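Please look over the sequence and the model first.

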Amino acid sequence: MELGKDVQIRMAGQLNEQSSREALPALLIQVPSRAIAGFDCVGRDTVISIPAPATPPPAATAPAYDDDAQIPYALSLSMPTSPSGFHLSQFRASSSVRRDEARVAAAEATPAGRESEARSPRLLKQTRFHSQPILRASQLLNEAPRRADTTRDKRFDPFKTFSGRLERQLSNLRGHPIDLHSPGSNISEETDQVPGTDRYFDALEGPELDTLRSTEVAVLPSDEKWPFLLRFPISAFGMVLGVSSQAILWKTLATAPPTAFLHVSLAVAHALWYVSLALMGLVSCIYLLKVVFYFEAVRREFYHPIRANFFFAPWIACLFLVQGAPIEMTEVHHGVWYLLMAPIFCLELKIYGQWMSGGQRRLSKVANPSNHLSVVGNFVGALLGAKMGLREGPIFFFAVGVAHYIVLFVTLYQRLPTNVTLPKELHPVFFLFVAAPSVASMAWAKINGKFDNGARVAYFIALFLYMSLAVRINFFRGFRFSLAWWAYTFPMTGASIATITYATEVTNLLTRTLSIGLSGIATVTVAGLLVTTMFHAFVLRDLFPNDVSIAITRRKPKFSKILAHFRSSSSDMKDLVLSVSKSPNSDSDSTTETDASVTKGKAEP
């Protein structure tokens, strides 16, 4: 574009490299504006200069580079264009460009400028291009919070304790309110109330009710990993049960007369106890954070037919820690026992009351092997109380435990049609059958002062159940590993401790061999679970998968949602098949009934 006198752009400064102090080639050289088509020009002749530094270095000739030579520096400038409505006043307002008034006045005074303006007046009507002002860093920082507020993931808000209220209050204080009518901020109606017991049975499957059925849709996204606290289950306390029971086992091996020939050191038991204590503190802190930030998820776990029994696990683990402590039980204050048994008593009033009420959570409907966790706490508490010198309290909890264990044992053996949670194949959950009679035998022996006939009856029941499961060990295969398996190890440890106690009363080669054998099996099992847990945690990194058991809908999803769920799924995993059934004896004019059924299939390669 030509306008008057050539607009000169000069760059007086030059860059020097500190290492070689070699001058760089000039970035911009003196070029006439009419030699560049469409250059940034305005109505009047303007000269824009980039001021030179106070003490410019001596000029040096730019070295010539061959085609094969490597250029040591590369600089790129991008000057986007703007429409013609962008006026010079806005351009002048930017702090990045300033006019040099003296040079403009000198350019207007020259006759060449007026001659060129008269010679090409049509160029004034053409579109003019100007450089856009560069945004300051402070402006970008000020805009960042607003974009962060609008793009925050709100899909997990229904399970948060504050449901996003705290975030909205902070955003309002910053002056960037969140749109409450946006699709991501709507709290789903499915999370307003806890699903009923029937919904857990209808929507979930598996021995632990932890797998979502193919015809169900979760209320949380299933295509991405959830927050860690939301994936941390209450069954994680099973690790503490397994390790703390091992501490008691090794303490018994070191102090019991039948195993004195093994010369087991108490240092092993003390080391396991300290590991159990640290593990208990870690798991408790993490789950307390879940209670604070995701209380809705904790509430759904409490109403889960199987997860509800694991709420006894933290208190049973504390009882184990007291029994395995490196001090004498008589030195422990009695208030510790009452403090630990109070939560168990409150949970039993809730759970046992639901069993007798005849409602949705009656025992004949929700009975499963994990219910033994709610019973075994009575016997563990009775055993600890008897060791501490208490009398009435241990007998009370022992009586409550015996009454409910008999009812639960008979209900599980009957396998009523309502017991849909009982798996057809064997599962490690069946080892919980051994827990209650094993601990009950030791508790009664401690209360009565000797391992009499009552204690032996309970011990023999536990031993028979243990052997009936051990001979079918080949059936315990093909199950997905989960943290709940840790809770199934302490019954094996309890049977080992009960055997050592029985061997103290009846000492012979058979009882000693049985004590060492069961103790070895329990130790190897716990060690194997420890290796498996580490492998899933640090190698496969799937120790805490998405807990879909708490993400079921309150009502059964409609067929349209199921259809959308299948369409969004991968075609090689699920396929929607609509089958139309007709009666073979019906005439052509008779009415036909169609039955749309959703089945699983594998896509063709």
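Predicted model: local features only at pLDDT ≥ 70, side-chain atom pairs only at ≥ 80, totals over all residues.

Residues are numbered from 1 along each chain as its sequence is written, and side-chain values use heavy atoms, with hydrogens and water left out.

**Whole protein**

- The protein has 20 helices and four strands; helices (H or I, at least four residues) and strands (E, at least two) are DSSP runs, numbered from the N terminus.
- Of its 605 residues, 42% count as buried, where buried means under 20% relative accessible area, exposed over 50% and partly exposed in between (1.4 Å probe, protein chains only).
- Among contacts between residues at least 6 apart in sequence, 79% join residues at least 24 apart; contact means heavy atoms within 4.5 Å.

**Helices α17 and α18**

- Helix α17 (residues 453-470) packs against helix α18 (residues 490-505) at an angle of about 135°, and their axes are 11 Å apart. Axes are lines fitted to C-alpha atoms, for helices over the stretch in contact, and angles run from 0 to 180 degrees between N-to-C directions.
- On the α17 side the contact is made by R456, Y459, F460 and Y466, and on the α18 side by M492, A495, A498, T499, Y502 and E505.
- By class, this contact has seven nonpolar, one polar and two charged residues. Ala, Val, Leu, Ile, Met, Phe, Trp, Tyr, Cys and Pro count as nonpolar, Asp, Glu, Lys and Arg as charged, and the others, Gly among them, as polar.

**Helix α10**

- In helix α10 (residues 295-302), the buried residues are E296, A297, V298, R300 and E301.
- The cover over these buried residues includes α6 (197-203), α7 (228-231) and α9 (266-293).

- H536 lies in helix α19 (residues 509-539) and is buried, with a relative accessible area of 15%.
- Not counting residues up to four places away in sequence, H536 touches F481, R541, D542 and L543.
- I521 also lies in helix α19 and counts as partly exposed, at 42% relative accessibility.
- Leaving aside neighbours within four places in sequence, I521 is in contact with Y466 and M492.
- I521 and M492 are 29 residues apart in sequence and 8.1 Å apart in space, C-alpha to C-alpha.
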